[in-house]
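Thanks for coming. I will walk through one structure, piece by piece, and keep to what can be read from it.

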Amino acid sequence: MASKDIIPKNMVIETYSKISDLVMELSSLNNLSQLEKSIHSIVNRVVPINEEFFLKPHNSDYIEINEKEISDEIKDLAVWAAKSLKISIFTLENGENALILPFSKSQKLLLLYICKTDVEEISNEIMLFLNIMSFLTATIIENLELYEEILKTNEEVEKNRDFLNQILNSMISGLAVFNHEYKKIFTNSNFDNFEKEYGEELIKFIKNELINLEIAGEKITKEFEFKEHFLSLDFLKTNNENYLVIISDITGTKELERLKKLDQMKTEFLSTVSHELRTPLAAIKAYSESIVDSLEILDMETLKDFMETILNEANHLQNLLDEILDFSRLEMKTINIKKEEFSINDLIEEIYLSNKNKAEINGVKMYRVLPKEKIIVNLDRTRLKQILSNLIDNAIKYSDKRKDMRFIKITVKDEKDKVLILVEDNGIGIAKEHHEKIFEKFYRVDSSLTYEISGTGIGLSVVKELVEIQGGKIWLKSVEGKGTRFYIEFKKG
């Protein structure tokens, strides 16, 4: 359920990026001179700096580390900041604004940073970032000043490090930083969990996308699918030339989307089936009524045409009902497979002859390419004929009427202990994004032809089930606008 309080994803990614840069930069410091440069660099990324002061508390006064002259107005702000220890922004007498950033530990002010800027106010996101910076920088200052006691303060340092790790490890998402060689330099516990579960395949996917990110130059979002699990991955390049990768498990969301889509597809399927059944029934009824009402005045030729139309529509209706019945039997696991030995050459010849006339009426030329020696297989002959007839019927329906030469070719190849059947056409083709879904139940490619061509959306799912229930496999290769190839492979025995 969506919530108005949820932070936008891009904002979350940007915040993670800034925190990643901050952690990497502060963790490399080893003296106070570097600290000043680092503070300047970090603050300047979020607030443009006109002039800056680094004030060190000394008794009741303040010393500017770089011996800059401090105005009374800046000193007054320093006194206030030492008491409040709050990040604030004030308007100065000359119209500029002063950003006050105190670095304190345990209510003790260690360093006070004040910069003049033209910015009048700062956003909540920048304020959050500066608070994190203040906390982490104060820890760094304390450790640098007490370097000679580092061995004694190791426990405190570890606590702070654990605290930061605890924050990052408490994230639902997996977080990792990769260097320019695509090697991990930081991971939180959830990223480690993702890597453990999805293995080298996930890391390989990440590295490939990091290469794409380098080319694209912008942050990208990709989905990774693995054994019915879905991950959403955000990739972005940080300011220090590293890469930030954020992983979220969206399997639950995807499953909900799938169920909603399946429910919608079922509804559309019922609507389509109703329409498909109503069409031949309406034709049968209309022509039957015409015969009954006009039998005495109908000549034999017209009567024959009417009866042929009724027969064709009845056959169409029978095919629809058989398809639905087969689908129901497959769903209930009650379909019967009767295997027998037969020549696949003879079956293809039979299918070719029974579909040749229908194809030619629709402007499609049929071919068959068979091996010289007959191939004997042990399969359900009726079901194999049904499978191939369905593919041929689809090839005819989805032929490309813009092409002068349209064809369907059935090829049989003898592959030692296996037989490969190829049904090829140069029809309208299937777009790549539909390839994996084309065999799903109720799925119909959404195109301008979807509602022009009859079909229930279960034909190919029935074909796939009938192939696999006999120990075979089916797949396709298709290019939109050029044509489609369906491959069916069976063992001979």
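Is the crossing of α10 and α11 left-handed or right-handed? The crossing of these two helices is left-handed, a word used when the near helix is turned anticlockwise from the far one by less than a right angle, with right-handed for clockwise.

Before going on, a word on the source. This is a predicted model, in which local features need pLDDT of at least 70, side-chain atom pairs count only at pLDDT 80 or more, and totals for chains, interfaces and linings use all residues. Residues are numbered from 1 along each chain as its sequence is written, and side-chain values use heavy atoms, with hydrogens and water left out.

Now the overall picture. The protein chain has eleven helices and 17 strands; these are DSSP runs numbered from the N terminus, with helices being H or I of at least four residues and strands E of at least two. Of its 493 residues, 42% count as buried. Buried means under 20% relative accessible area, exposed means over 50%, and partly exposed is in between, with a 1.4 Å probe and protein chains only. Among contacts with a separation of 6 or more, 60% come from residues 24 or more positions apart, where contact means heavy atoms within 4.5 Å.

Back to the helices. The axes of α10 (residues 381-397) and α11 (residues 459-468) come within 10 Å and cross at roughly 150°. Axes here are lines fitted to C-alpha atoms, for helices over the stretch in contact, and angles run from 0 to 180 degrees between N-to-C directions. On the α10 side, the residues that meet α11 include Ile 387 and Leu 391; on the α11 side they include Val 463 and Leu 466. By class, this contact of α10 with α11 has seven nonpolar, four polar and one charged residues. Nonpolar covers Ala, Val, Leu, Ile, Met, Phe, Trp, Tyr, Cys and Pro, charged covers Asp, Glu, Lys and Arg, and the others, Gly among them, are polar.

Helix α10 also packs against α9 (residues 344-361), at an angle of about 35° and with the axes 10 Å apart. The crossing of α9 and α10 is right-handed. By class, the contact of α9 with α10 has nine nonpolar, two polar and six charged residues.

Next, the strands towards the end of the numbering. Strand β17 (residues 483-491) is mostly covered, with seven of its nine residues buried. Strand β15 (residues 418-425) pairs with β17 in the antiparallel sense over eight bridges; two strands pair if DSSP finds at least two bridges between them. Val 419 stands opposite Phe 490 in β17. Strand β16 (residues 473-479) also pairs with β17, antiparallel, over seven bridges, and Leu 476 has Phe 486 as its bridge partner. β16 and β17 form a hairpin with three residues between them, and Gly 481 in the turn has a positive phi of about 90°.

There is also an open sheet of five strands, in the order β7-β6-β10-β9-β8, with antiparallel pairing. β7 (184-187) and β8 (220-226) are at the edges with a single partner strand each, so one side of each has no neighbour in the sheet. Neighbouring strands of this sheet are turned by 25° against each other on average, direction ignored. Strand β6 (residues 174-178) is joined to β7 by three bridges, and Ala 176 stands opposite Thr 187. Helix α6 (residues 189-216) packs on the sheet, and its direction makes about 50° with that of β9.

How many aromatic pairs does the count come to? The count is ten. Rings of Phe, Tyr and Trp (its six-membered ring) pair if their centres lie within 6.5 Å; planes under 30 degrees apart count as stacked, over 60 as edge-to-face and the rest as tilted. Tyr 182 and Tyr 243 have ring centres 5.6 Å apart and planes at 40°, so this pair is tilted. Tyr 182 is in the loop between β6 and β7, and Tyr 243 is in strand β10, so the pair ties together parts 61 residues apart in sequence. Tyr 243 is buried, at 2% relative accessibility.

One last residue. Lys 416 has a positive phi of about 60° although it is not a glycine. Lys 416 is in the loop between β14 (407-415) and β15, and counts as exposed at 76% relative accessibility.
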